[in-house]
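Student: Can you walk me through this one? I'd like to start with the overall fold and then look inside.

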Amino acid sequence: SYLLSTEHFFDLTGSVTFITVSILAFFMNDSKNLRQLIVLILIVIWALRLGSFLFFRIRKAGEDSRFTTIKKDLLVFFLTWNLQGLWVLFTLFGALTILTSNNNNNFGILDIIGVLIWVIGFLIEVVSDRQKSEFKSNESNAGKFIQSGLWKYSRHPNYFGEILIWTGIAIIGISIYSGFGWL
């Protein structure tokens, strides 16, 4: 990316990292269960959707203005990519605790609640991303901030959806957390 002076692969790489790390954690654990499989599937669905959405958005836009100065300085660009790695690790920590657990508690009500919260968060994220894309595609909205649809209720409903997604996954793991897993 630095040699090509492009940020086009940044978000896509983040999504692929989420998928890769989750799949590795799942398959490295000898005691697989339904909870772990569901968490893996939820992460893969989310990462494929968000990664492809962001990749095609940047391809259409041509550039991401946040990277204008960053991509010119190798050290800053490298630091940005490493911060993305920390984002993946910290965000995925709860899921990794689930995916690597040897605890085979039955899939219960907390797991179902977690999945439902994940679904609600996913739908909010998808709908808000679509609403903003449609808003921005209308040239009469240039320079304006969307204030319709879900955006009428929140400045960043897509981030709210994201928070619900990872809260749902954290709730799925409540019945198996112990020790440092509670972090």
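**Fold, core and surface**

Tutor: The protein has five helices and zero strands. Keep in mind that this is a predicted model.

Student: What order do the elements run in, from the N terminus on?

Tutor: They go α-α-α-α-α.

Student: And what box do the C-alpha atoms fill?

Tutor: Roughly 55 × 40 × 20 Å, along the principal axes.

Student: What share of the residues is buried?

Tutor: Of 183 residues, 40% count as buried.

Student: Ok, the inside. Which residues touch the most other members of the largest nonpolar core?

Tutor: Phe18, Val39, Ile43, Trp46, Leu92, Trp166 and Ile169 do, in a core of 29 residues. Each of α1, α2, α3, α4 and α5 supplies at least two residues of this core.

Student: Which helix gives the largest share?

Tutor: α2, with ten residues.

Student: Pick Leu92. What does Leu92 touch, leaving out residues up to four places away in sequence?

Tutor: Phe18, Val21, Ser22, Ile43 and Trp166.

Student: New topic. Which residues form a nonpolar patch on the surface?

Tutor: Leu79, Leu83, Leu86, Leu89, Phe90, Phe93, Phe180 and Leu183. Together they have about 900 Å² of accessible area.

Student: Where is Phe180 found?

Tutor: In the segment after α5, which covers 157–172.

Student: Why does Phe180 count as exposed?

Tutor: Because its relative accessibility is 69%, and exposed means over 50%.

Student: How much accessible surface does the protein have?

Tutor: About 10800 Å², and 68% of that belongs to carbon and sulfur atoms.

Terms used
Residues numbered from 1 in each chain as written. Predicted model: local features only at pLDDT ≥ 70, side-chain atom pairs only at ≥ 80, totals over all residues. Heavy atoms only, no water. Patch = residues over 30% accessible without salt bridge, like charges linked within 9 Å, V, L, I, M, F, W, Y side chains within 5 Å. Areas by Shrake-Rupley, 256 points an atom, 1.4 Å probe, with all protein chains shown as cover. Salt bridge = Lys/Arg side-chain N within 4 Å of Asp/Glu carboxyl O. Helix = DSSP H or I, 4+ residues; strand = E, 2+ residues; numbered from the N terminus. Buried < 20%, exposed > 50% of the residue type's maximum accessible area, 1.4 Å probe, protein only. Core = buried A, V, L, I, M, F, W, Y, C linked by side-chain atoms within 4.5 Å. Contact = heavy atoms within 4.5 Å.
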